[in-house]
Amino acid sequence: MSLPHAILTALLEKPSSGLELTRRFDRSIGYFWSSTHQQIYRELGKLEQAGQIRALPAPVPARGQKKEYEVLPAGRAELADWVGRTEDPKPMRSALLLRMRAAAVVGAPGMRDELRRHLDLHQQQLEEYLAIEVRDFPPARRESEPDRLRHLVLRGGIDLERFWVEWLSHALAELEG
């Protein structure tokens, strides 16, 4: 996946300014595809140059006014093409797992504390995802395919957080026992 495709997806859901996109990334897409404010603005410029998005005309022209963007047909076509492509799973990259491997060689001072910290963070994220599921995806809101797809993305996040909570709990029990 790439940031331009994440931006096209977000803009097709709702035309937005760069700042609004950043906020929306923080609340939804950013859970599985994070990006900085600067990266989003840089990609908006590239997408605009490529003719895939355009800035909407301002109702009242004013200097320094934020630009709101919408997706053009070329952007929709690019996103549809990308969705239709095949892509092999990418190998997982985890600094924590690499640090644990290194700790096996050079020693592990503080590793248990770091594992506990990660466990707390994953438990908090799991609770947040579960709250989003209750708030945004009651069974009655899962009738359309787009709603089911959005819910499945969230369920993927829930299942990943459950994995990490279980694995970290097991790792701590093994190191302490």
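Let me start with a term: contact here means heavy atoms within 4.5 Å. Helices (H or I, at least four residues) and strands (E, at least two) are DSSP runs, numbered from the N terminus.

A word on the source, friends: this is a predicted model, where local features need pLDDT of at least 70, side-chain atom pairs count only at pLDDT 80 or more, and totals for chains, interfaces and linings use all residues. Residues are numbered from 1 along each chain as its sequence is written, and side-chain values use heavy atoms, with hydrogens and water left out.

Let's begin with α1. Its buried residues are Leu3, His5, Ala6, Ile7, Leu8, Ala10 and Leu11. What covers them? The cover includes β1 (16-17), α2, α3, β2 (53-55), β3 and α4.

That brings us to the nonpolar cores, each a set of buried Ala, Val, Leu, Ile, Met, Phe, Trp, Tyr and Cys residues joined through side-chain atoms within 4.5 Å. The largest one has 17 residues, and Ile7, Leu11, Leu21, Phe25, Leu44 and Ile53 have the most contacts inside it. Two or more residues come from each of α1 (3-13), α2 (18-27), α3 (37-49), β3 (68-71) and α4 (73-84). With 6 residues, α1 gives the most to this core. Take a look at Phe25: leaving aside neighbours within four places in sequence, its contacts include Leu3, Ala6, Ile7 and Ala10, along with Trp33 and Ile40. A second, separate core has 16 residues, among them Met111, Ile158, Trp164 and Leu168.

Now for helix packing. The axes of α2 and α3 are 9 Å apart, at an angle of about 130°; axes are lines fitted to C-alpha atoms, for helices over the stretch in contact, and angles run from 0 to 180 degrees between N-to-C directions. That makes α2 oblique to α3, since angles under 35 degrees count as roughly parallel, over 145 as roughly antiparallel, 65 to 115 as roughly perpendicular and the rest as oblique. Their crossing is right-handed, meaning the near helix is turned clockwise from the far one by less than a right angle, with anticlockwise being left-handed. From α2, Gly18, Leu19, Leu21, Thr22 and Phe25 meet His37, Ile40, Tyr41 and Leu44 of α3.

Further along, α5 (residues 95-106) and α6 have axes 11 Å apart, at about 165°, and are therefore roughly antiparallel. Here Leu96, Arg99, Met100 and Ala103 of α5 meet Met111, Glu114, Leu115 and His118 of α6.

Next, α6 (residues 111-136) and α7 (residues 145-176): their axes come within 9 Å and cross at roughly 155°. That makes α6 roughly antiparallel to α7, and the crossing is left-handed.

Is His122 buried or exposed? His122 is buried, at 16% relative accessible area. Beyond its neighbours within four places in sequence, His122 is in contact with Glu161, Trp164, Val165 and Leu168. His122 and Val165 are 43 residues apart in sequence, yet 6.1 Å apart in space, C-alpha to C-alpha. His118, also in α6, counts as buried at 17% relative accessibility. With the sequence neighbours within four places set aside, His118 is in contact with Leu96 and Leu168.

Note on methods: Buried < 20%, exposed > 50% of the residue type's maximum accessible area, 1.4 Å probe, protein only.
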